[in-house]
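Student: Hi! I would like to learn how to read the features of a protein model. Could you walk me through one?

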Amino acid sequence: FFGATTAAVAPPNQGLRVLVCHGKEDKTVPFSEGERGANVLRGLLQSQGSVTFKVYADMDHALATDEVYDIFRFISDVQKSAPEAPNRAEQDESLAFDPLKEAKSTRPSKAQRIGLRADAFKN
């Protein structure tokens, strides 16, 4: 990917929203490559506002608290704008291969899932 500026994008991925985060002081992956990667993605996805590029001025090749908050916000925004998913049970039923009916679901039940808390975000 680092050398390519074009690639095929499958139709389901053409509306994909992407968050690219990069530290300005990154010595492992040069900042210019982060910018270039975001621009290549913008060209590939060709959807207005589909790629968000976040810059962290004093960050090296690491993870910062501000970046984590930005990731939470991004995921929350994407979830809010996503269409309602089809009934998972019906979808799994048609795709599953479990002739002995012994498979156990590893997906947490709705009661077990933890949503993003509104107070986890900075104002």
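Predicted model: local features only at pLDDT ≥ 70, side-chain atom pairs only at ≥ 80, totals over all residues.

Student: How far apart should the ends of H1 be, and how far apart are they?

Tutor: With 15 residues at 1.5 Å a residue, H1 should span 21 Å.

Student: Which residues of H1 are buried?

Tutor: They are Phe31, Gly34, Gly37, Ala38, Val40, Leu44 and Leu45. Strand S1 (18–23) and S2 are among the elements that cover these buried residues of H1.

Student: Next, aromatic rings. How is a pair of them described?

Tutor: You give the distance of the centres and the angle of the planes. Searching the whole structure turns up one aromatic pair. The ring centres of phenylalanine 31 and phenylalanine 53 are 5.8 Å apart and the planes meet at 45°, so this pair is tilted. An angle under 30 degrees would count as stacked and one over 60 as edge-to-face.

Student: Are phenylalanine 31 and phenylalanine 53 buried or exposed?

Tutor: Both phenylalanine 31 and phenylalanine 53 are buried.

Student: On to charges, then. How many salt bridges does a search of the whole structure find?

Tutor: It finds three. Before we visit them, here is a handy idea: an α-helix has 3.6 residues a turn, so residues three or four places apart point the same way.

Student: Which residues of H1 show that idea?

Tutor: Arginine 36 and glutamate 33 are three residues apart in H1, about one helical turn. Their side chains meet in a salt bridge at 3.2 Å, N to O. Arginine 36 is partly exposed, with a relative accessible area of 25%, and glutamate 33 is partly exposed, also at 25%.

Student: What about helix H2?

Tutor: In H2 (residues 65–81), arginine 73 and aspartate 70 are three residues apart, about one turn. The closest N and O atoms of their salt bridge are 3.0 Å apart. Arginine 73 is partly exposed at 28% relative accessibility, whereas aspartate 70, at 14%, counts as buried.

Student: And which partner does lysine 27 have?

Tutor: Lysine 27 meets glutamate 25 in a salt bridge of 3.5 Å, N to O. Lysine 27 is exposed, with a relative accessible area of 65%, while glutamate 25 is partly exposed at 36%.

Terms used
Residues numbered from 1 in each chain as written. Heavy atoms only, no water. Phe/Tyr/Trp six-rings, centres within 6.5 Å; stacked < 30°, edge-to-face > 60°. Buried < 20%, exposed > 50% of the residue type's maximum accessible area, 1.4 Å probe, protein only. Helix = DSSP H or I, 4+ residues; strand = E, 2+ residues; numbered from the N terminus. Expected span 1.5 Å × (residues − 1). Contact = heavy atoms within 4.5 Å. Salt bridge = Lys/Arg side-chain N within 4 Å of Asp/Glu carboxyl O.
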